[in-house]
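Here is a short briefing to keep beside the model. Have a look at the chains first, then read on.

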Amino acid sequence: MEMNCPYCGSNIGVRNRCNHCGEDVTLFQRAYRIANQYYNEGLRKARLRDLSGAILSLKNCLKLNKEHTDARNLLGLVYYETGESVSAIREWIISQHFQEEDNRATYYIGLVQKNPSKLEEVGQIIKRYNGALTAARQGSNDVAIIQLKKAISLNPHYVQALQLLGLIYIKERDYNKARKCLVRASKIDVANATTLAYLEELHMLQPDGGSQKAKENTLDEGRKSRNAIASGNQVILSAQSYTEEKPNIMAWVNLVLGIIIGAAFIMVAIVPGIRKNSVQSESTELVALNERLVKADADLEAAQKEKESLEQDVKKLENQLKKVQKELTEAQEVPEEDKTVYENLMKAVVLFLEEKEEESANMLLSVDKNALELESAAQLYNKLSGQLFAEQSEEIYQSGHTLYTNGHYEQSLVEFDKALQMNPDNVDAMYFTGRAYHRLKEYDTARIWYNKLIEDYPDTGRAKEAAARLRELEKESGT
Amino acid sequence: MIDFETELSKFQMSLEVDQIEEAVYHNDLSDVTDIMKDLLEQVKNK
């Protein structure tokens, strides 16, 4: 087995003495061999998903040879698999310290560093688990259950969280839920002593009303876990053996001398300075990493603020644009009603030019003079109405009078009304309007028209006639 | 029959992300090799 000299660090191959510094390394070679045995054992257990057993073996390996990077990397992976992400990162960082190049730990750390959100999520999961543990210790099991459920939903492989949730469910006598949690935990770490102990406890506690099938499943899980270890590992380990690690006796015999003496001098042997130097570079690196992370966060935050500000500016400009467009549209739009007024005025002008006076007058009558905002249009209206209305009013009156004479009183009223619209001073139209209502025996309306003539046009012949008709009307109506 | 309180006390708080640096710094990295080296050094000095 090739190794580096523990004294000077130079490669000594398989020799018992270092050619460089001349030190005897026999004892160290023996320790490293045993460390390798532990590593192989840890690897076998990890492959069988006996993760807690693998952790113990790998820790033993590292106690013998702290620079065994394969063991440390595997320990990190096993921690990661059981949800202990921070412990995993810790092992990878230490591994990187001992072997800077060609180290798988660099890849693992890189994966975590590349994904800050994942690191944040890991932090959240652990906070929830720790919060749940505190709540459970304070008797708030409901709070603890909620926190643990969330932690497990984020990391379904979090063995400790599953175990704690199972324990709380047992306490709450919710045995079915407890079993589900513990069975899940046992599938991740098949021979975990705590999980198996709780499953056994659950089996004893399960009341008679519990599902027989579920009970069998619980027992099956325990048996499967033990069988998996027994069948996959030539060194048969019972499930109980994981509660207390029983390492190879021969391995301990080989080490007994060094361990016994080492125990006596342990206080002297551990030099704080060694630890400090060995982790100093990692600490610096970690600090630098944290600083970069903080800077990146600050940059992101600034960029987000800038983006929000720009979005607000864009929104404001869009609103202004909409407002201007609306005003422009309103300014350009001419109401439909106004269009009709001007169109009718123009039509009336055209008809007049075509010497169709009656049609022109009727068209002009449909034009609301008050709606003509343009002064030139109003002037045109006045000029045209001055030329048309007086003459046309007389002609329409004649037409109405013919209808009246023939007894068509209601139809005649339409004509008289038109004549009066064209010429409000047409006293003939006014008089026969009164007469038509009189004939229709609408005395009140007839009286209004007679009185209008008498009062407004007292000097006219129609006013006198109206007065005579009014007297007749009073007699007829009996008032 | 397990005791809830006793079992609960066995559960440990998980290391949080902001404790990584502390965990690395305070990790006892001494191994048997270090102890043996010290022992041999002591013996030699005697």
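Predicted model: local features only at pLDDT ≥ 70, side-chain atom pairs only at ≥ 80, totals over all residues.

Residues are numbered from 1 along each chain as its sequence is written, chains are lettered from A and ligands numbered from 1 in the order in which they are written, and side-chain values use heavy atoms, with hydrogens and water left out.

**Where the chains meet**

- Chain B brings 34 residues to the contact and chain A brings 62 residues, where contact means heavy atoms within 4.5 Å.
- About 4600 Å² is buried between chain B and chain A, with 68% of that from carbon and sulfur atoms; buried area is the accessible area (1.4 Å probe) that two parts lose on being put together, summed over both.
- Phe4(B), Phe11(B) and Leu29(B) provide 16% of the area that chain B buries against chain A, more than any other three residues.

**Helix pairs in chain A**

Helices here are DSSP runs (H or I, at least four residues), numbered from the N terminus.

- Helix 6 (residues 116-137) of chain A packs with helix 7 (residues 141-154) of chain A at about 160 degrees, their axes 8 Å apart; axes are lines fitted to C-alpha atoms over the stretch in contact, and angles run from 0 to 180 degrees between N-to-C directions.
- That angle makes helix 6 of chain A roughly antiparallel to helix 7 of chain A, a label for angles over 145 degrees.
- Among the residues making this contact are Ile125(A) and Tyr129(A) of helix 6 of chain A, and Leu148(A) and Ala151(A) of helix 7 of chain A.
- Helix 8 (residues 159-171) of chain A and helix 9 (residues 175-188) of chain A have axes that come within 8 Å and cross at roughly 160 degrees, and are therefore roughly antiparallel to each other.
- Residues of helix 8 of chain A including Leu162(A) and Tyr169(A) meet residues of helix 9 of chain A including Cys181(A) and Leu182(A).

**Salt bridges**

- The whole structure has 18 salt bridges over all chains, each a side-chain nitrogen of Lys or Arg within 4 Å of a carboxyl oxygen of Asp or Glu.
- Across the interface of chain B and chain A there are 2 salt bridges.
- Asp34(B) pairs with Lys66(A) in a salt bridge, the closest N and O atoms being 2.9 Å apart.
- Glu91(A) and Arg72(A) form a salt bridge with their closest N and O atoms 2.8 Å apart.
- This pair links distant parts of the chain, with Glu91(A) in helix 4 (residues 85-98) of chain A and Arg72(A) in helix 3 (residues 69-81) of chain A, 19 residues apart.

Key
Helix = DSSP H or I, 4+ residues; strand = E, 2+ residues; numbered from the N terminus. Parallel < 35°, antiparallel > 145°, perpendicular 65-115°, else oblique.
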